[in-house]
Amino acid sequence: MPGAQAPAAGQAWSADGYVRHAGFVSSLGQDALVLLNPQAGEDVLDLGCGDGTLALRIIETGAAVTGLEPDPSMAAAARARGLRVLEQDAHAPFGDGAYDAVFSNAALHWMRDPEQVIANAHTALRPGGRLVAEQGGFGNVAAVVTALHGALTGLGHATPERGPWDFPRPEAQQDRLEAAGFTVTSIALIPRPTPLPTGIAGWLATFADPYLAHLPAAARPDVLSRTEALLSPLRDHTGGWWADYVRLRFAAAKPD
Ligand code: BEZ
């Protein structure tokens, strides 16, 4: 999912491009949905709902869903599918005791202040409510990040001082959740090499702008082709590309 904050520096979204290059993100959200286990009649907030693909799956269970999505292109795509969407950043409050569950898939790693977002989720839940999420975890896309750094420095360009993504270890995320008042009921780091339907070029075109936005346009093709070359170990015997994804999946309850 594109994430529930204003896009990271240099990152812009296109709902069409996202579906083409990263539509697998929603299809792989199934395990997180199982952990959410939505019930008919529940009110669920989907934090970083993107184009609404997973929100529609939740609605099929009889739960009501509000999407939270700051990107106008994604929010419009979700609304076009009939979803109610709060078009805002998750760092701003998004409810007070209003929801039975806050759900998030592949969005929390975009948050520049995860503690604030977790606190907002806690406030948005009723007592006894739950936060269920999957995001990139420790080691996620480490090869891709290393290759981007290698290509940028190798070609004499600066690298961002701080990476755009937050990929915590389970222990660190559990500490954050408990500090906000949650009781963690499950948390696990899950390596999940993931096939890329449009190759590493499609992935970089969709997600790598935070690493490339500072470059003059003419410098970009060389950085991209050097990054691809450095990443050749991510190709399988058929030539297909895989991303070195590692998921952090957790459920946490707001005590009664
Ligand atoms: C992810 O889903 O793991 C991811 C997506 C975009 C950028 C970085 C990581």
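**View 1. Helix 7 and helix 11 pack at an angle of about 130°.** In this predicted model, helix 7 (residues 142-154) and helix 11 (residues 220-230) have their axes 8 Å apart, where helices are DSSP runs of H or I with at least four residues, numbered from the N terminus, and axes are lines fitted to C-alpha atoms over the stretch in contact, with angles running from 0 to 180 degrees between N-to-C directions. Helix 7 and helix 11 are therefore oblique to each other, a class left for angles that are not under 35 degrees (roughly parallel), over 145 (roughly antiparallel) or 65 to 115 (roughly perpendicular). Helix 7 passes helix 11 in a right-handed crossing, with the near helix turned clockwise from the far one by less than a right angle.

**View 2. Helix 9 packs with helix 11.** The axes of helix 9 (residues 199-207) and helix 11 lie 10 Å apart, at an angle of about 130°. Helix 9 is therefore oblique to helix 11, and the crossing of these two helices is right-handed.

**View 3. The ligand is surrounded by residues that include Asn140 and Arg247.** Also among the surrounding residues are His109, Trp110, Trp165 and Tyr245, a residue being near if one of its heavy atoms lies within 4 Å. An N or O atom in the side chain of Asn140 is 2.7 Å from an oxygen atom of the ligand, and a polar side-chain atom of Arg247 lies 2.7 Å from a ligand oxygen atom. The protein covers 98% of the 270 Å² of accessible area that the ligand has on its own, by the Shrake-Rupley method with a 1.4 Å probe.

**Notes.** Residues are numbered from 1 along each chain as its sequence is written, and side-chain values use heavy atoms, leaving out hydrogens and water. Local features need pLDDT of at least 70 and side-chain atom pairs count only at pLDDT 80 or more, whereas totals for chains, interfaces and linings use all residues.

Key
A polar contact is a pair of N or O atoms within 3.5 Å; within protein, one must be able to donate a hydrogen and the other to accept it, and residues adjacent in sequence count only if both atoms are side-chain atoms.
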